[in-house]
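Dear colleague,

Here is the structure for you to look over. My notes on the domains and on the confidence scores follow below it.

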Amino acid sequence: MPAVGTPVPRKEGLDKVTGRARYTDDVVLPGMLFGRTIRATIPRGRITGVHLDFDPHGFTVVDARDIPGRNVVALIVDDQPCLADGRVSHTEEPVLLLAHADREALLGATVRLDYAAEPAVLDPRASQTVFKELTIQKGCLDDGFGSADVVVEGEYRTGHQEQLYIEPQGVIAVPEDGGVTVYGSLQCPYYVHHALSVLLALPPERVRVVQLETGGGFGGKEDYPSIIAGHAALLALKANRPVKLVYDRLEDMRATTKRHPAIVRHRTGVTRDGRLTAIDVEVLLDGGAYTTLSPVVLSRGALHATGPYRCDHVRVHGRVVQTHTPPNGAFRGFGAPQTQFAAEAHMDRVAAALGLDPVALRERNVWRPGDTTATGQRLGPDCSAADVLRVAVERSRYHERRGTLAGRPGAGIGLALVFHGAGFTGSGEVKLASRAALQLTATGARIRVASTEIGQGARTVLAQVVADALGIAYDDVEVAEADTRFVPDSGPTVASRTSMVVGRILQGCAVRMRERLGDLGPADYHARHGPFEVEGQYVRPAGLDWDEAAYRGDAYGCYGYACDVVEVAIDADTYEARATAVTTVHDVGRVLHPVLVRGQIEGGTVQGLGYALLEEVAMRDGAMANAQLTNYVIPTTADVPPLDVVVLETPYVEGPFGAKGVGELPMDAPAAAAVNAIRHAGFDVREVPATPERLSEAPCVSR
Amino acid sequence: MRLSVNGTAVEVDVHPLARLLDVLRETLGLTGTKEGCGEGECGACTVLLDGRPVNACLLPVAHAENREVVTIEGLRGHEALQEAFVTEGGTQCGICTPGFVLAASTIGEEVAPAAIREALAGNLCRCTGYEGIYRAIDAARRASREAGSRPDRGGGR
């Protein structure tokens, strides 16, 4: 019986519902110390004194001088120190590390830091330091605006968003075999592996990274684990003991990465009958203190900034700049939720300026197969944006509801249509050159990949793909632990790439294994000939081409499409906007696992609704001032209406069994759909989260 | 201090103000109870105290003296619910799952959907958007009703 397309039980499901699954903080090793991070309390300046106001007996103390290799968090640009070396560039920057066997003693230790403070730049518009700047150009803007009847401009803003995985960041570092092993909650074992090798000046074979059960990531455990792993490893190597470093919620929220805040300006030329003639977008992202992943966040943000619409004359100019705040990093969607919020909030304003129905304007311009994107990518037969829009409008009875709600004070309905490129941007997948391996076992096959299970169901989906490609039962496919000693580098578990890209490589491995098995089943072959292994590597699908210098070509292998329709009710006294009905339609290519796909869509949609309406990071002196779950509110069961989820399946020929990536797409549409509903209710809000404060200050718009 | 944990009487030598969470996880090694926030907001540390869900991160162990604590490791009679959390998508990353399963195990069979939402409002999940959790509870109830209606099973539960 085929596994693909069926709701097979998730591999580690039973462990999770019985409490047996082991997460980082559940692990206790003999002789283990606890670690603690001493952090800067100002956003910018020099450290002029460090005072250890405690009896150092029993403590291990580490500062930048203890770093055997390079004092950097190796990632894209090595500008971020692992430990501050005299200079502070953001509040909560790590300065000193302590370890002790007794947690009370550790937490009781007082360290005072003296500073010579310097003026901090906290407003990205005032920043002179640009991490990355890029321009996407298509056609000629002057021509485009020349043929426009109407030009509509607008500025849209999005705030920080905290990933808020329920398991805080944590690792355990163990000195081993003349090197170090790090066990932890993380998405990308080989990112951590590389960073440790550079930091500790250790050859790759002396560094081992093992992912433990991970209680959510959403991008928050893409880049940050390299930092916390470095800290724990430095302590462990100095103490020559295992060291556990687990953050509490306050530290996790104040110190770790968030979604980049954005200011996006649109200027759009359109004919009176609604044809887009020119799209000019200016994107500004707040990168925080160091580069981290900002260049690629900007890239993805810019590439999604037009929305899924045909236009011959486009310019997208993007910059990501430094501010003296904790670095912003990866969060589900990776720049696209910010820019598509702006694009889709703007589309409703363009429709209003023309007196057109918002759906009609979108139908007039939506991508269809054969159209080209802003980078000149020709869309293939899997471009189903128009279908997704049509189904969402019908399913939600958008027009009927729009009429009904127009007569109700404080009620509105809004819609947003989005797309999301799956996999790394441009030549990213070619550079990653991901590898995956499949071993024949006595009972079936074992998958060896560095892709991590972070809740999304990676183990399950990859096993389904292998089971069907090999022609064996799902239960006979095992998935090895993501341990860099035993698994090849399959690239990071990010960018909606695991099922689509790594799944495709594994499918190829399974096909080759099947050929070698001939007519035998795995058990028979193993009994007669013993085990063997097949390794595969990413192969770029034919016809894809990307010019990084010119920012032209095939930015992604494929795109998924989604359309959300949100109804809101706004409290007349408190100005609180609540979502009262949500329809969400996604086309994700072939569905590999119906329950897991639904889980991605539902979870991402609710994160998007939080982004839209609730989740406000209040910054004070360059750091999060509301770093508590009491004050930073994510959606609870009481905040979310029932979700009507529709999944379309337009296959992508290069995906395993026709699948596209799905992880991030659900994050893109809710914010704009909710804000468009708020606009329909009469409030001209152009920023998320659309909090009661913002609604109370918003100008009125006619309905 | 004496208390009953998962049906077994235990005696622990800890400060009476120690968090029940730490006593369970560290003294007794019951790591199925998780810490998500340490401030009683997320519900990952939910355990049953005399059958009612409480946040073990807020509860001094002295409050549990001579009372019955049930953690995920000791939950019995709700296997259908646990299985449904797997099959219906009620668990993803799993860190909130023990708390949700315990909280859900206290919801009566006849409770209406709106009241289920209210009963679970003290537990946060960042992965599922809660829909899979509602489906799991619903599926477990259906399974229970079907088992109960079979003549050979008598009253079922």
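In this predicted model, 15 residues of domain 1 of chain B are in contact with eleven residues of domain 2 of chain B; contact means that the C-beta atoms of two residues, placed from the backbone, lie within 7 Å. On the side of domain 1 of chain B that touches domain 2 of chain B, β3 (46–49) and β4 (52–55) each supply at least two residues. β3(B) gives the most, with three residues. Strands here are DSSP runs (E, at least two residues), numbered from the N terminus. By class, that side of domain 1 of chain B has seven nonpolar, six polar and two charged residues. Ala, Val, Leu, Ile, Met, Phe, Trp, Tyr, Cys and Pro count as nonpolar, Asp, Glu, Lys and Arg as charged, and the others, Gly among them, as polar.

Domain 1 of chain B covers 2–74 and domain 2 covers 79–150, with bounds from an automatic or database domain assignment. Their centres, taken over C-alpha atoms, are separated by 22 Å.

In chain A, the C-alpha centres of domain 2 and domain 3 lie 35 Å apart. Their contact takes 23 residues from domain 2 of chain A and 25 residues from domain 3 of chain A.

On confidence: chain B averages a pLDDT (the predictor's confidence in each residue, from 0 to 100) of 94. Over residues 152–157 of chain B the pLDDT is below 50. Where pLDDT is low, the predicted coordinates should not be read in detail. The complex has an ipTM of 0.97 and a pTM of 0.98 from the predictor.

Residues are numbered from 1 along each chain as its sequence is written, and chains are lettered from A and ligands numbered from 1 in the order in which they are written. As this is a predicted model, local features need pLDDT of at least 70 and side-chain atom pairs count only at pLDDT 80 or more, while totals for chains, interfaces and linings use all residues.

Regards

Note on methods: Helices (H or I, at least four residues) and strands (E, at least two) are DSSP runs, numbered from the N terminus.
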